Amino acid sequence: MVRFETVFLCAMGFISETLCSLTLEAEAGDNVTIWCQHDLKHPEPIFWYKHTCDSVPLLLACKRYLVSAPSQNCLFFTESERIVMSVHEKNTSLTITAVTVSDTGLYYCSFMKQNKVNFRNSTSLQVKGVNKTFSKNPDRGKGSDSSAVFFMLNAVFGAVIVILLGVLIFIILKHRKTHGGVEAEDNEFSEKILKRRCDEVEYSYVVYSSVSQ
């Protein structure tokens with residue numbers, strides 16, 4: 001259910017304009033229409049913004065006001081399907097379909113007039129209740145999230161362990177192969193030395209026998 005609260009003076013608008021604010025309360029899932037006045041007499045673009053305490057103003061919609069023809073979409077802006085802007089002779093409206101808690105914020109319009117930016121009356125939208133797309137049991141949702149995180153951590157740690165084991169096995173096999181090659185070379189070298197010594201002994205014996213005869 002949509003409900004308007006008391007009108008109050010919020011702040012002085014930019015460029016000597018007074019910015020007044022309405023408080024609008026709605027339940028999650030409601031369709032909300034916010035209104036803003038203008039006094040344009042010539043074709044000019046009109047903008048709708050949303051402002052929250054932890055962000056800069058966000059441009060939501062833009063249309064060009066025409067005196068004797070329907071308004072036109074701004075060339076540089078694509079309108080959302082859920083947030084629709086309408087422009088009339090003395091005011092403009094912003095309709096939000098199926099509002100959620102994240103739609104809570106301050107909404108206002110602005111336009112150019114005599115080379116000055118004019119900000120007009122704003123509306124503070126307060127959306128209450130839980131979004132219909134969310135689970136009504138928060139503890140259950142937390143449990144599911146915890147299980148998913150636990151499973152993901154187990155998968156990551158398991159993958160890391162497998163990789164480390166693979167690297168360790170590769171290092172061991174490489175070390176054994178290198179060590180075995182060195183031993184084979186040492187054995188081959190020893191056999192060559194032994195054979196050479198045997199040849200030298202045999203040659204010495206032959207020479208000695210020849211001299212003795």
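**Figure 1. Overview of the predicted protein model.** Of the contacts (heavy atoms within 4.5 Å) in the protein with a separation of 6 or more, 54% are between residues 24 or more positions apart. The protein contains one helix and eleven strands, and from the N terminus on the order is β-β-β-β-β-β-β-β-β-β-β-α. Helices (H or I, at least four residues) and strands (E, at least two) are DSSP runs, numbered from the N terminus. Buried residues, those under 20% relative accessible area with a 1.4 Å probe and protein chains only, make up 25% of the 213 residues. The model is predicted, so local features need pLDDT of at least 70 and side-chain atom pairs count only at pLDDT 80 or more, while totals for chains, interfaces and linings use all residues. Residues are numbered from 1 along each chain as its sequence is written, and side-chain values use heavy atoms, with hydrogens and water left out.

**Figure 2. The disulfide between C36 and C109.** The structure holds two disulfides (pairs of cysteine sulfur atoms within 2.5 Å). In the pair shown here, the sulfur atoms of C36 and C109 are 1.8 Å apart. This pair links distant parts of the chain, with C36 in strand 4 (residues 32-37) and C109 in strand 10, 73 residues apart. The torsion about the S-S bond is about -60°, so the disulfide is left-handed. C36 is buried at a relative accessible area of 1%, and C109 is buried at 0%.

**Figure 3. The disulfide between C62 and C74.** The S to S distance between C62 and C74 is 1.9 Å. Because C62 lies in strand 6 (residues 58-65) and C74 in the loop between strand 7 (72-73) and strand 8 (83-87), the pair ties together parts that are twelve residues apart in sequence. Both C62 and C74 are buried.

Figure 4. K50 belongs to strand 5 (residues 44-51). A polar atom of the K50 side chain lies 2.6 Å from the backbone oxygen of S102.

**Figure 5. The loop between strand 10 and strand 11.** Q114 is found in the loop between strand 10 (105-113) and strand 11 (116-128), and N115 lies in the loop between these strands. Q114 has a positive phi of about 55° although it is not a glycine; for N115, also not a glycine, the positive phi is about 60°. Q114 is exposed (over 50% relative accessible area) at 71%, and N115 is exposed at 76%.

Definitions and conventions:
A polar contact is a pair of N or O atoms within 3.5 Å; within protein, one must be able to donate a hydrogen and the other to accept it, and residues adjacent in sequence count only if both atoms are side-chain atoms.
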